[in-house]
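I opened this entry to keep track of what I looked up. The model comes first, then my notes.

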Amino acid sequence: TKAFDVERIRRDFPILAQEVNGKPLVYLDNGASAQKPIAVLDAMDRYYREMHSNVHRGAHTLGDRATAAFEGARETVRSFVNAPSSREIIWTRGTTEAINLVANGLAPRLKEGDEILVSHMEHHANIVPWQMVAERTGAKVVPVPVNSAGELDLDAFNSLLNERTRILAITHVSNVLGTVNPIASLIKKAKDQGALTLIDGAQAVPHFKPDVQALDCDFYVFSSHKLFGPTGIGVLYGRAELLEQMPPYQGGGEMIERVSFERTTWNVLPYKFEAGTPAIAEAVGLAAAIRYLDNLDRKAMEAAENALLARANELVSTVPGMEIIGTAAKKVPVMSFKIAGLHPSDIGTLLDQQGIAIRTGHHCAMPLMDFYGVPGTARASFAFYNTLEEVEQLFAGLQKIQRLFT
Ligand code: PMP
């Protein structure tokens, strides 16, 4: 196996080598969106220079090249999530659209009194689409509480899961807390109750590879831009049998088999869910990101990420009044925090002046903010290209802010 040489890896991400506000950039907002390696930039550039045309038209050579690149990307994604068939890989605009597609597609199965189980740590993208469907169908969205460490309350899960539960829609990893949920066992319990399962993998895939067959989930969704790929594209894995039964999400070109004013019929999977010209270059870019990750030593990468989080945890006591929100036993390297006497948005602005990028606010998880009784948090989210020195710079920055402003 190759050694995990972070300085060499950083050279693959040209955006990191710049100054911001006169200071070397320290990019710790990877949970919001990750940076892209040269391999992704080059793949998209090459696609546009050498092979762009519309896909699935088959009339000429460029069209064939574009189609091969596009469908090749689908196969790369299939392999990344270990789906049985590339028919089960649907391109979407991102996690948000994927969840809306599934919520809409499952709506015909829902009726008054049915329950959709979510968790208190969901991103709004895995709450609001279900609320909209619940409104239409008379079903109810039921949240499973979390404990103060930011772990799912498993006793509450066991009692809230019941014969009325039709869908379990839950995040693999919390974007605020970093908590890794024990989804394999949650999926198994939900299945035993006859419920369908959707896993929001948006924050999981930047840190580990999901295996949809081992997990045995019905749907698994994520966004390319958090996985070091381009914005504007995401993935829905869905079990073929269910996708076959679901109505199309949008109507238009590509998604039809035959159109007449009397009767229109749907195309086969996956095209039934892909109305209109797709994000072709973005699919190519996402596949390049996955190939880039496949060339890294996964074990070494995870160890490096754990070392970043461990170093951050060690340094918390050096900032008076700093408190971590989310102390689950199993976490990805994400650190939400507050500092007594400082508003999160001030922390963000003052760090930015020192070249350090973090995220502040409610992180599209208002119910979780309410649970912790905070308007928002400051959040540093690390990627494998971050260094221990950057973690130390973050804390030096926080110490400075704490001294000057409290
Ligand atoms: N779910 C989670 C857990 C997320 O972190 C995010 C992005 N912050 C989303 C869903 C939504 O992803 P997107 O905006 O790319 O659709």
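How many nonpolar, polar and charged residues does the shell around the ligand have? I noted three nonpolar, nine polar and one charged; Ala, Val, Leu, Ile, Met, Phe, Trp, Tyr, Cys and Pro count as nonpolar, Asp, Glu, Lys and Arg as charged, and the others, Gly among them, as polar.

I then listed names: of the 13 residues around the ligand, Gly94, Thr96, His123, Asn175 and Ser223 come nearest. A residue is near if its C-beta atom, placed from the backbone, lies within 6 Å.

Next I checked the source. This is a predicted model, where local features need pLDDT of at least 70 and side-chain atom pairs count only at pLDDT 80 or more, while totals for chains, interfaces and linings use all residues. Residues are numbered from 1 along each chain as its sequence is written.

I looked up confidence (pLDDT, per residue, from 0 to 100). The protein chain has a mean pLDDT of 97, with 99% of its residues at 70 or more. For the complex, the predictor gives an ipTM of 0.99 and a pTM of 0.98.

I turned to the sheet. Pairing takes at least two DSSP bridges between two strands.

Last, I followed one pair. Strand S5 (residues 115-119) runs parallel to S6 over five bridges, and Ile116 stands opposite Val141 in S6.

Conventions: pLDDT = per-residue confidence, 0-100. Helix = DSSP H or I, 4+ residues; strand = E, 2+ residues; numbered from the N terminus.
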